[in-house]
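Let me put the model up, and then I'll walk you through a few spots.

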Amino acid sequence: MKILSFRYNDVVSFGPKVKKEEAVWDVLAIQEQLQVLPSFAKTIVEGMTYGFEFVEAARKLVAAAEQSENPAAFKRSFTEIEWLAPIPRTTKNIICVGKNYSDHVAEMGGDAPEDIVVFTKAPTAIAADEETLSVHADVTDSFDYEGELAIVIGKKGKNIPKALAYDYVFGYTIANDLTARNLQDKHRQYFLGKSLDGSCPMGPYLVTKDEIPDPQKLTIVTKVNDEIRQSGTTAQMTHSVVDLIVEISSLVTLEPGDVILTGTPAGVGKAMTPPTFLKAGDTVKVSIEGIGTLVNRFE
């Protein structure tokens with residue numbers, strides 16, 4: 001199932017994409033008007049706590065709408081909604097993994113670390129698909145892109161064993177780990193340079209894990225103004241999705257709605273000759289097989 005969050009008539013809602021249509025089912029409206037279920041989650045994160053029962057409940061709501069007298073009343077066209085990030089606000093900082101593709105490490109002039117490198121981005125950095133974002137020219141002249149696969153955690157876990165790691169995944173989305181390189185260098189750590197407002201667009205969809213049986217076999221392509229800058233595959237990760245969940249959960253309790261960014265392949269602007277950073281008027285598209293394309297314009 002491809003789920004998206006959106007705002008319609010000033011009301012925040014969510015639902016699965018309508019098959020073969022550029023529209024979304026408004027499951028909150030379906031439940032409110034048709035009273036299909038005894039109760040239903042008010043947010044995606046709340047729903048995740050019920051595991052795949054939440055997905056089945058959403059399917060029941062869609063089936064009821066399809067069989068109703070006016071199915072169109074519960075569809076919201078993509079042209080009439082404001083897209084939101086699939087998880088509009090995480091309960092803790094976004095967990096990010098650096099230096100997880102050896103070709104990216106090489107292009108940045110470093111050595112591949114033996115252990116995972118983890119940093120975070122503030123929840124206020126979250127932005128949506130199709131949102132116009134700032135290049136923050138007042139504080140940086142080196143705003144860079146990093147297309148990444150993002151893991152969305154579906155249930156609480158600590159010290160998760162390798163054999164059970166996928167049980168804790170609800171699904172996947174796309175992220176662009178936008179980075180102010182000068183601030184990253186100035187402060188000698190990643191948080192401030194990675195946490196400018198709008199520096200973590202995610203979307204367009206949260207795709208449930210049943211649709212992506214192997215997250216290590218996905219292509220990632222990042223384009224700037226339709227020029228391919230990054231072209232890789234998640235098979236190139238040094239530490240796999242399972243590895244990351246196991247290692248991070250050994251130290252930090254993971255919870256429903258937590259997001260883990262898994263690293264970026266080679267091709268970032270800083271590594272170009274000469275370095276080529278984002279500027280006002282640019283458009284960045286990050287595409288991941290099986291999920292879709294995250295699009296943002298910059299001003």
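Buried here means under 20% relative accessible area, exposed over 50%, and partly exposed in between, with a 1.4 Å probe and protein chains only.

Quick housekeeping. This is a predicted model, where local features need pLDDT of at least 70 and side-chain atom pairs count only at pLDDT 80 or more, while totals for chains, interfaces and linings use all residues. Residues are numbered from 1 along each chain as its sequence is written, and side-chain values use heavy atoms, with hydrogens and water left out. Helices (H or I, at least four residues) and strands (E, at least two) are DSSP runs, numbered from the N terminus.

H1 and H3 pack at an angle of about 65°, with their axes 9 Å apart. That makes H1 roughly perpendicular to H3; the cut-offs are under 35 degrees for roughly parallel, over 145 for roughly antiparallel, 65 to 115 for roughly perpendicular, and oblique for the rest. The axes are lines fitted to C-alpha atoms, for helices over the stretch in contact, and angles run from 0 to 180 degrees between N-to-C directions. On the H1 side, the contact is made by Val27, Ile30, Gln31 and Leu34, and H3 brings Ala58, Leu61, Val62, Ala64 and Ala65.

H1 has its own buried set: Val27, Leu28, Ala29, Ile30 and Gln31. The cover over them includes S2, S3, H3 and strand S4 (75–77). Just after H1, Gln35 takes a positive phi of about 50°.

Now the loop between H2 and H3, where you'll find Thr49. Setting aside neighbours within four places in sequence, Thr49 is in contact with Gly154 and Pro256. The C-alpha atoms of Thr49 and Glu255 are 9.0 Å apart, though 206 residues separate them along the chain.

Last stop: Arg229, in strand S16 (residues 227–233). Is Arg229 buried or exposed? Buried, with a relative accessible area of 17%.

Definitions and conventions
Contact = heavy atoms within 4.5 Å.
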